[in-house]
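Keep the viewer open and turn the structure as you read.

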Amino acid sequence: MAMPSPMPTVSRRSRVLLMTVVVLLVLALVGSSLVSLLADWYWFGEVDFRSVFTTTLWTRLALFASVGLLTGAFVAVNLALAYRLRPSYRPMSLEQQNLDRYRLVITPRIRSFITLASVACGLIAGLTAQGQWRTWLLYVNATPFGEKDPQFGKDISFYVFEYPMYRYVLGVAFAAVVLAGMGALFLHWLYGGVRLQGTGERMTDRARGHLWALLAVFLVLKAVAYYLDRYGLVLSSSDLTKVFGASYSDVHYLLPVKNILLFVSAFAALMFVVAIARRSLLLPGVALALLGLLAVLLGGVFPFVAEQVYVKPNAKIAEAPYIKRNIDATREAYGLAGIQRQVYDAKTTATREQLRADQGTIPNARLLDPAILAPTFTQTQQVRSFYDFNDKLDIDRYTIDGKTQDYVVGVRELDTSQLTGNQGNWINRHTVYTHGNGFVAAPANTVNSDGLPCFVSGGLAGPQPNLACGGGKINVKEPRVYYGELFHGDYAVVGKQGGADQEFDRPTEDGGQVNTTYSGRGGVPVGTLARKVAYGLYFKERNFLLSNALNENSKVIYVRDPRSRVEKVAPFLTVDGDPYPAVVGGKVVWIIDGYTTSDAYPYAQRETLGDAVSDSRTGTGNTAQPRDSVNYIRNSVKATVDAYDGTVKLYEWDTKDPVLKTWNKAFGGIVEPRSAIGADLLQHFRYPEDMFKLQRTMLASYHVGEPGDFFSGQNFWKVPSDPTQTGTAKDAAQPPYYLLAQFPGQEQSTFQLTTALTAAKRENLAAIMTASYDAEGATRLQVLELPASSPILGPVQMQSKFLGTEKVAQGITLFKSQRLHMGNLLTLPVGGGLLYIEPFYVQSTSGSSYPTLQKVLVGFGDNIAYENTLPEALDSLFGQGTSQPTAPSTGNGSGTTAGSGTDPDVATAVRAIKSALDALRTAQQKGDFAGIGKAQEDLAAAVKQFDQARTKAAAVKPRTSATPSRSAPTP
């Protein structure tokens with residue numbers, strides 16, 4: 001009687017249908033990948049970085065093929081060997097009878113079975129291998145650091161470039177042996193070489209020899225793993241000290257154990273080889289048991305007991321040398337080794353003369369907060385509803401008429417999400433509304449009489465609202481912006497073949513518009529049918545084939561966000577979250593800082609990048625960094641993206657960085673030398689924000705250099721929370737600020753990035769950290785350290801003092817019908833102490849409103865001033881005449897610092913509010929409920945009177961001003 005097949009029968013029709021579905025799915029997946037590859041081929045050619053595409057592609061293919069073939073071949077050889085070593089005769093048993101039906105199915109198809117299993121293993125291994133292209137390129141192009149780790153004397157490059165590759169290869173080898181062993185064991189069992197039931201030996205000599213040989217290979221790999229584990233100790237962390245690097249226990253206990261286990265593993269492997277010839281399980285069994293026992297006792301129990309008995313009670317002394325290694329390595333890895341430290345014994349009082357003597361900081365004190373003023377820029381400089389500015393503006397410095405000062409800058413970009421009606425159809429969205437127009441800038445220390453910025457560039461048609469309160473201008477020869485931060489995945493089709501220009505360029509004074517046609521080098525040509533088909537499939541858009549808007553000269557512009565553009569051409573860089581625009585040679589370019597990072601610098605402390613650089617502004621105009629673990633960083637590249645033609649340039653900035661040198665070798669020198677940076681571009685480079693935030697996080701602990709103090713956590717600092725925020729953002733870190741200032745120890749006013757640091761367990765100010773470049777681009781990191789017992793208030797404490805002051809509280813009540821914005825709280829070392837300055841913005845609750853600067857808060861020691869302008873606040877705090885003639889002003893007098901020039905009706909309303917507040921306070925003290933009710937009614941009437949007076953005053957202003965409750969007029 002024939003034995004029934006265990007395999008289900010499938011009809012011919014079902015098999016054909018199944019194969020058709022599989023083929024269609026494969027074609028869909030492969031076709032989509034091929035279209036993306038073709039589009040990338042065209043795009044990388046357009047930006048002249050095709051070597052990046054080809055190097056990455058061929059490396060991934062080579063790794064996929066080589067690792068996949070080797071793994072698949074190893075599995076195939078062992079499966080074939082297991083089949084060939086099957087016994088000729090199998091003893092009769094119930095187990096073997098049950099297996100007969102499966103042997104009947106598999107044996108005729110054994111080649112297909114082995115092939116399918118091997119291909120599956122090879123595909124899995126190949127797919128994981130192609131993802132290791134970065135590891136491979138770093139390995140084959142490794143550049144020495146020229147520095148050695150203190151434990152093994154290996155060059156740092158061994159850990160950064162070579163060690164990860166060794167670990168990966170070892171992991172692949174382990175996987176191949178395990179897969180081959182499992183497959184071989186299955187076939188030996190299937191064909192009776194290994195028996196689980198019945199009498200006699202459970203394993204034939206052939207099966208035993210094969211499986212023991214694989215086990216011997218596994219033990220050899222285990223010995224190699226123990227060898228590499230030794231070097232991994234300098235990359236590990238200690239639960240006792242909480243620092244990275246080999247600790248006392250690692251060096252004195254765990255390292256010898258690794259050496260012992262290495263030799264025991266090798267000995268066990270040898271015993272299995274010997275046992276193959278002797279056919280005895282005794283020696284390899286003993287060796288394997290010994291290895292397991294030693295791994296548990298020596299690898300786990302012994303180090304733990306030794307640490308608890310000896311190390312932990314004496315940790316401060318025993319771990320001191322290893323903590324010192326961690327401190328030194330961390331400072332070097334994060335670029336903190338050369339930081340300049342200066343004791344700053346800040347005082348709580350200062351004289352008028354001391355403040356008057358400051359000519360480098362106070363006259364440049366920044367009143368405009370780029371994180372708040374985006375709506376103001378939008379409403380006063382938008383011109384058309386589809387133009388917009390990024391949520392966070394930027395800070396840069398320019399020299400105009402011989403004077404250098406910092407400016408709040410932004411780009412008037414096209415926001416396609418604001419296109420309405422017919423503007424949003426495919427033709428208009430992609431061929432008419434293709435670009436933004438204008439670089440808008442305003443001095444950071446100046447406002448006009450309405451508390452609005454004084455713009456020095458950005459006009460499109462005729463005199464713009466509040467365009468320039470006097471002074472020089474920033475001349476932009478090419479204001480069109482085809483590449484910007486608001487182009488999120490959108491594309492434009494440009495180019496014409498005769499006829500009129502189709503692209504909207506700018507409005508005219510009479511309500512018309514000027515059109516243009518893109519003439520830059522950017523964009524991928526799509527004039528041929530093949531390319532139209534390719535990009536129609538890539539964008540999943542049939543209009544590439546059907547629309548008459550495309551012609552022989554058409555080009556498609558995509559990947560338009562400057563940050564994404566740099567990430568694509570330099571996939572080895574971690575890109576700063578805040579690109580910023582600058583005018584260089586009359587053209588608008590985006591400047592992006594690129595970092596090389598690693599998580600394998602021996603003894604250096606690891607930090608989660610995304611957490612360390614996050615602050616209260618992250619995600620609002622600033623892109624959050626990934627939560628990658630790093631322990632080495634360099635600002636190795638300065639990248640630029642031309643806002644008009646999309647040209648990407650990568651410039652070497654850190655000329656000593658071995659990681660950048662390695663990547664540059666790997667991609668054929670795509671990074672241009674530092675000498676190629678032009679002088680006009682160099683003066684707009686600024687210290688990178690994300691790197692600075694990571695450095696301040698590390699400096700908060702690693703300014704302590706004595707191991708004993710470090711272990712005890714003495715004198716640690718912290719990054720203060722942002723005191724100007726409310727809600728969920730109130731606990732986020734205070735962002736650093738770009739300033740043009742002259743700090744102690746600096747010879748002149750310097751454009752620098754600064755941050756306050758407070759004591760770890762209290763909110764008093766502990767230090768001020770600042771970073772800048774000199775004229776040649778050399779980095780200067782400086783820390784002003786306050787004595788540990790200093791009573792100087794930190795930002796959180798000063799903010800509480802501001803808000804608790806009676807005059808400020810009255811002001812907040814005065815503006816309670818409007819939205820209040822507390823600007824950046826600046827901490828400035830002037831007059832021998834610390835001067836806090838905070839701008840106070842007011843915004844109407846109407847839909848088209850925007851913030852205007854109305855008040856300035858100033859604090860020094862225990863004294864607070866709350867006035868309309870910074871000069872008035874300084875005079876109030878230090879005495880009349882404190883403010884200098886060079887203090888922030890408006891150039892030709894058409895504007896002033898915030899809040900001056902109050903309308904008489906407004907002043908009357910303010911007096912009425914103050915009178916009502918005084919009456920309310922008096923009634924509350926007396927418990928006069930009737931008086932309280934009357935005072936509240938008077939207060940409400942006075943506030944209404946105030947709002948009406950401000951509206952009336954705004955209505956009679958000239959066209960160059962704007963009120964916070966009305967949209968700026970457009971041409």
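The second largest cavity is lined by Q734, P735, P736, Y737, L739, T754, T755, A756, I768, L825, L826 and T827. A cavity here is a set of points on a 1 Å grid over the protein atoms alone where a 1.4 Å probe fits but cannot get out, and lining residues have an atom within 4 Å of a point. The elements giving two or more residues to this lining are β22, β23 (750-759) and β27 (826-830). Strand β23 provides the largest share, with three residues. By class, the lining of the second largest cavity holds eight nonpolar residues, four polar and no charged. In this scheme Ala, Val, Leu, Ile, Met, Phe, Trp, Tyr, Cys and Pro are nonpolar, Asp, Glu, Lys and Arg are charged, and the others, Gly among them, are polar. The space in the second largest cavity is about 70 Å³, where a volume is the space filled by probe spheres set on the grid points, joined across faces, edges and corners.

Before going further, a word on what you are looking at. This is a predicted model, in which local features need pLDDT of at least 70 and side-chain atom pairs count only at pLDDT 80 or more, while totals for chains, interfaces and linings use all residues. Residues are numbered from 1 along each chain as its sequence is written, and side-chain values use heavy atoms, with hydrogens and water left out.

Now for the largest cavity, which has a volume of about 150 Å³. Its lining has 17 residues, and R366, P370, K392, P736 and Y737 are the ones nearest its centre. What classes of residue make up the lining of the largest cavity? Eight are nonpolar, one is polar and eight are charged. Altogether there are eight cavities of 30 Å³ or more.

Next, find helix α13 (residues 374-381). Why is this helix described as largely enclosed by the rest of the structure? Six of the eight residues of α13 are buried, and buried means under 20% relative accessible area, with exposed over 50% and partly exposed in between (1.4 Å probe, protein chains only). Those six are A374, T376, F377, T378, T380 and Q381. The buried residues of α13 pack against β2 (387-388), β4 (403-411) and β7 (439-443). After the helix comes V383, with a positive phi near 70°.

From there, move on to V494, in strand β9 (residues 492-494). V494 is buried, with a relative accessible area of 2%. Leaving aside residues up to four places away in sequence, V494 touches T434, Y482, E503, Y518, N553, S554, K555 and I557, a contact being heavy atoms within 4.5 Å.

Strand β9 belongs to an open sheet of three strands, in the order β9-β13-β12 with antiparallel pairing. Its edge strands, each pairing on one side only, are β9 and β12 (524-525). Two strands pair if DSSP finds at least two bridges between them, and β12 and β13 (residues 555-557) have two. Look for V524 opposite V556 in β13.

Another strand to find is β19 (residues 632-642), where 11 of its 11 residues are buried. Strand β16 (residues 587-598) pairs with β19 in the antiparallel sense over nine bridges, and V589 has D642 as its bridge partner in β19. Strand β20 (residues 648-652) also pairs with β19 in the antiparallel sense, over five bridges. There, V641 stands opposite V648. Five residues separate β19 and β20 in their hairpin, and G646 in the turn has a positive phi of about 75°.

Finally, zoom out to the chain. It has 27 helices and 30 strands, and 55% of its 971 residues count as buried. Among contacts with a separation of 6 or more, 70% join residues 24 or more positions apart.

Key
On a 1 Å grid over the protein atoms alone, a cavity is a set of points where a 1.4 Å probe fits but cannot get out, and a pocket is an open set with protein on both sides within 12 Å along at least five of seven lines; lining residues have an atom within 4 Å of a point. Helices (H or I, at least four residues) and strands (E, at least two) are DSSP runs, numbered from the N terminus.
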